[in-house]
Amino acid sequence: QVQLVESGGGLVQPGGSLRLSCAASGTIGNINNMGWYRQAPGKQRELVAQITSGGSTNYADSVKGRFTISRDNAKNTVYLQMNTLKPEDTGIYYCKVSGWYRLQWYDYWGQGTQVTVSS
């Protein structure tokens, strides 16, 4: 079992910044991909950013140039630095971790952290 603890959400004004963190613990094995998804009210969950074990990144077009994903493999932690936030960035942000443990592939989700961008 893998536990994910997210932190860093909150209320911020448009143009502001937030940094999300997600720390993984438990039967981690080899973590491959770490990523952030978000779900706005009435909308489907969507990929925001993803980073592979090799450091390759992938971003949603709507956040390119504003958000930066990074990871600390020693701490099994993934970060999302969010700058120039817009009201449309509002939603619940979920961390997702995928990898291998004893030849079994796993996908785990965090509990979600609320991000609200409003004046």
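Between which strands does the loop that holds Arg102 lie? Arg102 is placed in the loop between E9 and strand E10 (104-109). The views below begin with the whole chain and then take up single residues.

**Figure 1. Overview of the protein chain, a predicted model with 11 strands and zero helices.** Numbering starts from 1 along each chain as its sequence is written, and side-chain values use heavy atoms, with hydrogens and water left out. In this predicted model, local features need pLDDT of at least 70 and side-chain atom pairs count only at pLDDT 80 or more, while totals for chains, interfaces and linings use all residues. Helices (H or I, at least four residues) and strands (E, at least two) are DSSP runs, numbered from the N terminus. From the N terminus on, the order of elements is β-β-β-β-β-β-β-β-β-β-β. The C-alpha trace spans about 50 × 25 × 25 Å along its principal axes. The radius of gyration of the protein chain is 14 Å, in agreement with the value near 14 Å for a compact globule of 119 residues; this quantity is taken over C-alpha atoms, and the globule rule is 2.2 Å times the number of residues to the power 0.38.

**Figure 2. Surface, burial and charge of the protein chain.** Of the 119 residues, 40% are buried; buried means under 20% relative accessible area, exposed over 50%, and partly exposed in between (1.4 Å probe, protein chains only). The accessible surface comes to about 6300 Å², and 46% of that belongs to carbon and sulfur atoms. Areas come from the Shrake-Rupley method with a 1.4 Å probe, and for residues only the protein chains shown count as cover. There are 11 positive and 7 negative side chains, and the centres of the two sets lie 3 Å apart. Lys and Arg count as positive and Asp and Glu as negative, with His and the chain ends not counted; the place of a charge is NZ of Lys, CZ of Arg, CG of Asp or CD of Glu.

**Figure 3. Strand E1 (residues 2-7) and its pairing with strand E3 (residues 18-26).** The two strands pair in the antiparallel sense over six bridges, where pairing requires that DSSP finds at least two bridges between two strands. Gln3 has Ser25 of E3 as its bridge partner. In a regular strand the side chains alternate between the two faces of the sheet. On E1, Val2, Leu4 and Glu6 form the covered face, whereas Gln3, Val5 and Ser7 form the uncovered one.

**Figure 4. Ala24 in strand E3.** Ala24 counts as buried because its relative accessibility is 8%. Not counting residues up to four places away in sequence, Ala24 touches Val2, Gln3, Leu4, Ile31, Lys75 and Asn76; contact means heavy atoms within 4.5 Å. The C-alpha atoms of Ala24 and Tyr94 are separated by 13 Å, with the two residues 70 apart along the chain.

**Figure 5. Arg66 in the loop between strand E6 (57-59) and strand E7 (67-72).** Arg66 counts as buried because its relative accessibility is 9%. Leaving aside residues up to four places away in sequence, Arg66 touches Gln81, Met82, Asn83, Thr84, Leu85, Lys86 and Asp89.

**Figure 6. Positive phi at Thr84 and Arg102.** Thr84, not a glycine, has a positive phi of about 45 degrees and is found in the loop between strand E8 (77-82) and strand E9 (91-101). With a relative accessible area of 44%, Thr84 is partly exposed. Phi of Arg102 is also positive, near 50 degrees, in a residue other than glycine. Arg102 counts as exposed at 69% relative accessibility.
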